[in-house]
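Colleague: Could you walk me through how the pieces of this model pack together?

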Amino acid sequence: MLAPVTEADFGEDDLLRLNMESAALWPAFAAELEEATGMPTGYRSDGALVVAVDRDDAEELRRLHQLQRSLGLESDWLVPSAARALEPGLAPRIAGAIDAPGEAQADPVAVVAALRRAFEDAGGRIERAEVKSLDDVDADQVVLAAGAWSGAVADVKVHPVKGQLLHLRTRAGATPLAGRIVRTPRCYVVPRLDGRIVVGATSEEKGFDTSVDAGAVHRLLEAAWEALPDVWELEFVQVIAGLRPATPDNRPLIGRADERVVHATGHYRNGILLAPLTAQRVVDALTGVPA
């Protein structure tokens, strides 16, 4: 998800500013990458709905909407009938929704594949090596972009936060589950143009554990079903678990750390969203552009 508005939270104004700045870079970033490589990025801007499935959710989302509006963000409160007019697959019992029409999405697997192609076409070379410390790297300039493992190779406060998510698929001939991102306080549902559906995600402090557990599958499916009952009819494809690189205050570490090291880590939930801004700031640091 490229969703700075619906990711906004109380007390995270600096992170919101970064997210909004990077979201504005995404259309040109995706277009340039697709033109340079001839490969898709999955970028599209179809908006997002944050759905309240009961009165408790509605109270929570009302507070979130007030925050969004106080920050000047583009969002509207919808009564249940208006929300179902936008997304007919929503459950009849929903209690309202926040409409964030400017939210977007990209396919992270496709984006990484296209970035690799562009890098190699530009003369870049990818080598694999085990690095236990930045002192192991024979280079005048080093970009620390080791994700959840950054704290293992450098003196940075980055730790892993486990996330499990589901990949589902719309069956041939079936009505699409949704046309935009649909979220609740307990899950998100991201429909891809090719019929894939991503449902996520847990947030677990379990170190570097990447095992998958049945409870997570149950909780995510139930949360998605509360908002979109037809999720029960989807084909189940796979469950995956990954590690987010988190910092104590949820703010990413981007930019020059010292004369040799540039940071590009600690993005937590917003790594793909912050990709173009991170790239821009890393290039600026490496080429000596003042911050």
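Predicted model: local features only at pLDDT ≥ 70, side-chain atom pairs only at ≥ 80, totals over all residues.

Colleague: At what angle do helix 2 and helix 8 pack?

Modeller: Helix 2 (residues 13-37) and helix 8 (residues 275-287) pack at about 95°, and their axes are 7 Å apart; helices here are DSSP runs of H or I with at least four residues, and strands are E runs of at least two, numbered from the N terminus. Axes are lines fitted to C-alpha atoms, for helices over the stretch in contact, with angles from 0 to 180 degrees between N-to-C directions. The two helices are therefore roughly perpendicular (65 to 115 degrees).

Colleague: And which residues of helix 2 make the contact?

Modeller: Helix 2 contributes R17, L18, E21, S22, L25, W26 and F29, facing A275, P276, L277, Q280 and R281 of helix 8, where contact means heavy atoms within 4.5 Å.

Colleague: Switching to the sheet, what is the strand order?

Modeller: The order is 4-11-10 in an open sheet of three strands with mixed pairing, and two strands pair if DSSP finds at least two bridges between them. Strand 4 (142-144) and strand 10 (253-256) are at the edges with a single partner strand each, so one side of each has no neighbour in the sheet.

Colleague: How many bridges join strand 4 to strand 11?

Modeller: Three, and strand 4 runs parallel to strand 11 (residues 261-265); V143 has V262 as its bridge partner in strand 11.

Key. Residues numbered from 1 in each chain as written. Heavy atoms only, no water. Parallel < 35°, antiparallel > 145°, perpendicular 65-115°, else oblique.
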